[in-house]
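Please keep the sequence and the model in view while reading.

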Amino acid sequence: MTSADASKVPHVTLVQGARMGQGLELARQMLERDGEIFSGRAEGGIVVATCRDPTQAEGLDALAAKHGARLRVLRVDATDEESIASAAKTVAEEYGRLDFMANVSAVLSTERMRPETSIARCEAENMMLAYRTNAVGPTMMMKHFSPLMLKTAGAYASEGKSGTPVIANWSARVSSIGDNGLGGWHSYRASKTALNQLTRNAAVEFARKKTPIVAMCVHPGTVDTKLSEPFKKN
């Protein structure tokens, strides 16, 4: 897309972690209902969907076949800051704006990692993976994409448009310290609790800007996705 074409884009959304589950569904909703979601603005916005391996993203391939150039797929690995910085540079160069960013990807379990039912089952390597993916990753996304979003907020103000760019970080109810009456799931709980604090810090910082943006945490509830699949029986 040329810079001239980019100037005609009414809004740009980025969904980090869009290969499957909630991220894929959010990308679909943003493509199909953008006029409703971005109330008062023209339809036809761009959705930038990121995932760790775009070559294995069949769901995004299907969306691209339906929506064409309105969907841009980029590689982002939440544990690789260089990939995040590269994606931020691409979005800035191709579109020059970012109105909404959702950081959705998370890790709860892998082939060798399961939520810990006891402190005795905690392993440093697994804890670090959870923290890097669930807390550090979204923070690096805010670090590299917030300059573009602050620029977008400035454009709103100069054009006399209402609205504020928003960063939404997917958290979880189990991150709540006050609500924790069951214990367990140490790595996941702690990493999401860290995300809450990091998002709060960013929100305070961004609110002080001349043209502020919003940073917030979202609790989507328990949904039927691959992340929750091993625990459906409970």
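The model is predicted, so local features need pLDDT of at least 70 and side-chain atom pairs count only at pLDDT 80 or more, while totals for chains, interfaces and linings use all residues. Residues are numbered from 1 along each chain as its sequence is written, and side-chain values use heavy atoms, with hydrogens and water left out.

**Helix α7**

- Helices (H or I, at least four residues) and strands (E, at least two) are DSSP runs, numbered from the N terminus.
- Helix α7 (residues 186-207) has 22 residues and should span 32 Å at 1.5 Å a residue, which agrees with its end C-alpha atoms being 32 Å apart; the expected span is 1.5 Å times one less than the number of residues.
- Among the buried residues of α7 are Tyr-188, Leu-195 and Phe-206; buried means under 20% relative accessible area, exposed over 50%, and partly exposed in between (1.4 Å probe, protein chains only).
- The buried residues of α7 pack against α6 (124-159), β5 (166-170) and β6 (214-218), where contact means heavy atoms within 4.5 Å.

**Salt bridges**

- A salt bridge is a side-chain nitrogen of Lys or Arg within 4 Å of a carboxyl oxygen of Asp or Glu, and the count comes to 11.
- Arg-72 forms a salt bridge with Glu-94, with the closest N and O atoms 2.8 Å apart. Arg-72 lies in strand β3 (residues 71-75) and Glu-94 in helix α5 (residues 81-94), so the pair ties together parts 22 residues apart in sequence.
- Glu-81 and Lys-143 also meet in a salt bridge (2.8 Å, N to O). This pair links helix α5 and helix α6, with the two residues 62 residues apart.
- A network of salt bridges links Glu-25, Arg-28, Glu-32 and Lys-66.
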